[in-house]
Amino acid sequence: MLCGDAKSGFTFVQVKLELSEVKDLVAQRDASFTKPDRATLEERGCALCKSDSWSAPQVHQFVEDVFRWGKGTRNLTRVLKCSELPTILRECSHAISHGGGTPEAAASAIWLLVSRVPQLGASFASKLLRFLHPDDVVIFDSIIRLRLGLDETEKAYAFFHASCRTIQASLIEKGATHVLSDVEAAVYMKLRKNPI
């Protein structure tokens, strides 16, 4: 993988991900991030997307649970103080829905969320949107960025998203039914277990 958006030039990274190991890597990620579990957050996120009402208590509980799942509650209180959080999150979710699942639509929504919610970085913005749209958004946290040599930019996110989409297409060709976020989870675990 050639990453052309690296801080000091180009980064050449080789990560071998066997298609046969994706299911086990996803299970390992699920085992390491348990409370609340992924399936529960996905169900709640998808229900929120289908809802006409994004009430503050409902959104705040969802955000808090995603932060706890991601084991990063340091900025949670400050993020929850954003009075427009339900409206902003809903706008970003709609942008993804209307963007057709493209890397650019997801990247744009993540950076819109980051720009409008104080103390929210790309890592947790992508986590929030990932649980709202598990087949359209991938998580872009520090392990992925640092080990793949990617900057924390829209362009780098779109590149990583497109790479995950390519892997997903290969899995589907072979009869697998993994959503996009499963591919990201497998890459994350591979990088966490085998630092480059």
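1. Angles under 35 degrees count as roughly parallel, over 145 as roughly antiparallel, 65 to 115 as roughly perpendicular and the rest as oblique. Axes are lines fitted to C-alpha atoms, for helices over the stretch in contact, and angles run from 0 to 180 degrees between N-to-C directions. Helices (H or I, at least four residues) are DSSP runs, numbered from the N terminus.

2. The model is predicted: local features need pLDDT of at least 70, side-chain atom pairs count only at pLDDT 80 or more, and totals for chains, interfaces and linings use all residues. Residues are numbered from 1 along each chain as its sequence is written, and side-chain values use heavy atoms, with hydrogens and water left out.

3. Take α6 and α7 (residues 122–132). They pack at an angle of about 120°, axes 9 Å apart. The two helices are therefore oblique to each other.

4. Who touches whom here? On the α6 side, Ala109, Ile110, Trp111, Leu113 and Val114 meet Ala122, Ala125, Ser126, Leu128 and Leu129 of α7. Contact means heavy atoms within 4.5 Å. The residues split into nine nonpolar, one polar and no charged (Ala, Val, Leu, Ile, Met, Phe, Trp, Tyr, Cys and Pro are nonpolar; Asp, Glu, Lys and Arg charged; the others, Gly among them, polar).

5. Now α6 (residues 103–116) against α9 (residues 154–173). The angle is about 140°, with axes 8 Å apart. That makes α6 oblique to α9. This crossing is right-handed.

6. From α6, the contact uses Pro103, Ala106, Ala107, Ser108, Ile110 and Trp111; from α9, Glu154, Tyr157, Ala158, His161 and Ala162. Eight are nonpolar, two polar and one charged.

Note on methods
Left-handed = near helix turned anticlockwise from the far one by under 90°.
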